[in-house]
Amino acid sequence: MESVVKAVGLPVNLSEEVEDDSGKKNEEKSSSTKFDNSRKRRYSSDEEYRSRERKDHYEIGSRYWGDEGTKSHRSNSSREQDHHSRKREDHRKNLNSNSINEESVKEQKKGKEVDPIMTRTGGAYIPPARLRMMQAQITDKSSLAFQRLSWEALKKSIHGLINKVNVSNIPLIITSLFKENIVRGRGLLTRSIIQAQAASPTFTHVYAALAAVINSKFPNIGELLLTRLILQFRRGFRRNDKHICMSSTRFIAHLVNQQVAHELLALEILTLLLENATDDSVEVAVGFLKECGQKLGEVSPRGLTAVFDRLRHVLHEAELDKRVKYMIEVMFQVRKDGFKDNPAIVTDLDLVEEEDQFTHLMSIEEEKLDPQDMLNVFKHDPEYEANEEKYQAVKIEIIGDDSGENDGFDEDNEESSDESASEEEAKEGDIVDETETNLIALRRTIYLTIQSSLDHNECAHKMMKMQMKPGQETELCHMILDCCTQQRTYEKFFGLLAQRFCQINKAYIPPFEQIFHDTYDTIHRLDTNKLRNVAKMFAHLLFTDAISWQVMAHIRLTEEDTTSSSRIFLKILFQELSEYMGLSKLNLRLKDPTLQTYFEGIFPRDDPRNTRFAINFFTSIGLGGLTDELREHLRTHPKPPPVTVPAPVSTLSAAAAQLLLESSDSDSSSSSSSSSSSSSTTSSSSSSDGESRKKGSRKKFRSSNNKSKSEGRSVRKLSPENIRTKDHLPDRHERDRSRSNRHLNEKESKSSSRR
C-alpha cells in the first residue's frame, strides 16, 4: 500500500530510480551544481521541466488524478491568461480612444459660447453671481442670449418685489418697480399680482392700490390686469369654482374702489350672480358687495338700491341655506351701519388723485377680451436697445434721475456731517445715554453670573472680577434682591451673597440699608411670596450684622403707621431673627442701651394706646417675651388725667342765669308741696280697698310725668331767644301752682265721697 500511495503521490517511476540509484552516484555528483541543497535525481529534459513545474506549483487534485489532472488544469490556466491579456489590450485601446474623444470634446466646448437658452432657467435656480458672470461674458446686448438673461433677471425682480409689498413699504416698492422695465414685463407683472392676491386675499386692497398707481402711469398695464381678472371670473363662473370667483371678484371690487374699473362692471357682476340665485352665487355676491358697497353708494346709489331689493327678494322667495340667509341679513345690517367696517379706501392707500386716474369701462359680456398670454413668455426683440432707451427716458420722467438724486443725497450727507462735526466740536461735556443700554447689559451680566454659579463664594468671586464702575454698587444690590424675590421659596444663597459683599467692601452696606428703607415704604406693592423672601433676606443680614440695626429706626409700629403688608413683613422679619438668634439673645439685642433710640418706633412708649398695640402684635406672633418692659411700663406709668370735654351749651347772660335758678327753686318747692299732699292722701286712704290704691298710684305717676314734661318745657324755653322779660317765668309758675291746687281739691272731694 505504501508503494501505491507513493506512486500516486509522485507520478514518476520510482522503481527505476531505485534500481539505477547505485550505478549512477557519479552522475548525481556531477549534477549537483544545478540543484543545490536538495536531493538530486537524473531526469530527461522534459521530465525534469515537468517535475520542477509540478513541485514549484503544487495544486490540489494532483494527488488523486495524477499527471492528467495537472495537465488539463495547466492548459485551462494558460487559456485564461491569454484571455485576460487580450482584455487588457482592448481596454488600453478603449482608454486611448476615450481620451482622444474627451480632448476633442473639451476643445469643442472651449470653442463654443455659453448658451443660456439651453439651460433650464424656467425651473432651475441660477445664482445671481453666476447670472452676472454670464451676462458679463456676453458683449452683444442685442443677442438672443443677453435678452434671455435680462428677461430672467426681470422676472425674478418683479416677482420678489410683488411678494414684499405691504401698507408701510408700498411707496418704496412702487419706486423699485418703475426702475425695472415693466412695459416689457407687463405680462409678468400682471401675472405676479394676480397670483399674489389669490395666495393672500387679505392683502387685496394693497395690491389694488399698487395697480392703481401703475395704472395712472401706464394705463395699458391696468387694462391688461382688469382683462385677465374678468376672464378669470368668467372661467370660474362657468366651472362653478367658488374659490376663483371669490378671489377675482374681490380684486375687481377693490379696483372699482380705486376707480381703475368702472362701477357698471360691479353692477353687471352682481346682476349675473343674483339672477339665478344659489347658495354659492349669493355668497360670492355678498362678499363682493361688502367690499365695494360703500363706493357704489357714492357713485351709483340707485344701482345699489336695486341690488339690495333683489337681495331682499332672494331672501324671502329663494330656497337657500340658513347660513346664506343669515349672510344676507348681516349684509343689510352692514348697509344700515354705513359700511363702517369695510371702507372703500384705507387712508394710507389713497395714493392717486381722481384727476390722474384712468378708469376702464369694460363689460363681462365683451367677447373681444384678449389676455395676451404671449407676454408671459420670452420673445426676442430686434429693437431691444432702442426700447430700453425709451423706457429709461420714461423712467426719468416718472421718478427722476437716480444719479442726480444720489449726488444730491451725498452732498446733503456731506453738509450734514460737517454740521454735526462742528456741533460736536462746539459742545462740551459727556454724552448721556438715555436709553440705558449699558445699564441693561450690566443687569443681564449680573443675572447670568448669579444663575451660572454653584455657590455664593464662586458668584462673589466672578462679580468682583467684573470691575464695576463707581456708582454701580447700588445696581448690584438691587439685582441680588430682585433675583431673590423671583424665587418660589427663599434660598439662603442670596442672603449669603449679600453678606459676602457687605463683608468684602463696606461700600455695599449703605445701598442695602437704603434698599431696606425703600422696600419697607413700598412693601404694599409686593405679593406675599416676594414679601416673604425679602423679609428673610434682611433678617439674615441683620443677624450676621452685615447691615446695621439702625435701619429699625425707620419702622414705627402703630395702628396708623402700619398696613397689613408691613405687619406681615415685620412678623416674618422678627420670627426669622428669633430662629437665628434665639428669643433670649434677640431680647438682649433689643434691650441694648446703645440701640434704644432706634427701637423707639418698634416699642412705643409715648401713648398707652400705641403701647398696647405693640404688645398685642408681638404676643399674636408668638414673641410676647419681647414685651416685658412694655407691660411693666404700661402698669407703672400713671394714667393721664381724663380730658373734660365742655358741653355744647350756649352762653347765657347773668339775668337769664338768675331766672334759671329761681325757676329751679320754685320747682323744688312745688314738688315738695305736692309730695306732702300726696303723702297725706295716701295715709288717709290706707283703709280703702286695692282698687283705690291702684288708681292713686296711677294718678301719682301721671302727675310726676306731667311735672317732668313741664320742667322740660321750661328748660327748653330758657334759651336766649325765648327769654324776653323777668316777669315771664313767675306768671308761668303761678299757673302751675293753681293747677296743682285744683287737682288736690278734686282728690280730697273724691276721697271724702268714698268715705
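**Close-up views of the predicted model**

**View A. Asp545, with a relative accessibility of 45%, counts as partly exposed.** Buried stands for under 20% relative accessible area, exposed for over 50%, and partly exposed for the range in between, with a 1.4 Å probe and protein chains only. The model is predicted: local features require pLDDT of at least 70, side-chain atom pairs count only at pLDDT 80 or more, and totals for chains, interfaces and linings use all residues. Residues are numbered from 1 along each chain as its sequence is written, and side-chain values use heavy atoms, with hydrogens and water left out. Although Asp545 is not a glycine, its phi is positive, at about 55°. Asp545 belongs to the loop between H24 and H25; helices are DSSP runs (H or I, at least four residues) numbered from the N terminus.

**View B. Gln372 is a residue other than glycine with a positive phi, near 55°.** The loop that holds Gln372 runs between H16 and helix H17 (384-399). With a relative accessible area of 34%, Gln372 is partly exposed.

**View C. Phe501 and Tyr508 form a tilted ring pair.** The whole structure contains 16 aromatic pairs, where rings of Phe, Tyr and Trp (its six-membered ring) pair if their centres lie within 6.5 Å, and planes under 30 degrees apart count as stacked, over 60 as edge-to-face and the rest as tilted. For Phe501 and Tyr508, the centres are 5.2 Å apart and the planes stand at 55°, so the pair is classed as tilted. Both Phe501 and Tyr508 are buried.

**View D. Phe543 and Tyr580 form a stacked ring pair.** The ring centres of Phe543 and Tyr580 are separated by 5.0 Å and the planes lie at 10°, so the pair falls in the stacked class. Because Phe543 is in helix H24 (residues 528-543) and Tyr580 is in helix H25 (residues 564-581), the pair ties together parts that are 37 residues apart in sequence. Phe543 is partly exposed at 34% relative accessibility, and Tyr580 is also partly exposed, at 26%.

**View F. The largest cavity holds about 90 Å³ of space.** Three cavities of 30 Å³ or more are found in a search of the whole structure. A cavity is a set of points, on a 1 Å grid over the protein atoms alone, where a 1.4 Å probe fits but cannot get out, and its lining residues have an atom within 4 Å of a point. Around the largest cavity lie Asn587, Leu590, Lys591, Gln596, Phe603, Arg605, Leu626, Glu629 and Leu630. At least two lining residues come from each of helix H26 (583-590) and helix H28 (628-636). Sorted by class, the lining of the largest cavity comprises four nonpolar, two polar and three charged residues, with Ala, Val, Leu, Ile, Met, Phe, Trp, Tyr, Cys and Pro taken as nonpolar, Asp, Glu, Lys and Arg as charged, and the others as polar.

**View G. Cys483 and Cys459 have sulfurs too far apart for a bond.** A disulfide is a pair of cysteine sulfur atoms within 2.5 Å, and the count by this rule is zero. The cysteine sulfur closest to that of Cys483 belongs to Cys459, at 8.7 Å. Cys483 is buried, with a relative accessible area of 5%. Cys292, at 0%, is likewise buried.

**View H. Cys484 and Asn533 are 49 residues apart in sequence, with their C-alpha atoms 6.6 Å apart in space.** Cys484 is part of helix H21 (residues 473-485) and counts as buried, at 1% relative accessibility.

**View I. Asn257 and Gln294 are 37 residues apart in sequence and 8.6 Å apart in space, C-alpha to C-alpha.** Helix H12 (residues 242-257) contains Asn257, which is buried with a relative accessible area of 1%.

**View J. Glu329 and Leu311, 18 residues apart in sequence, have a C-alpha to C-alpha distance of 9.4 Å.** Glu329 lies in helix H16 (residues 322-336) and is partly exposed, with a relative accessible area of 45%.

Notes. 1 Å grid on protein atoms, 1.4 Å probe; cavity = no way out; pocket = protein on both sides within 12 Å on 5 of 7 lines; lining within 4 Å. Points joined across faces, edges and corners; volume = space filled by probe spheres on them.
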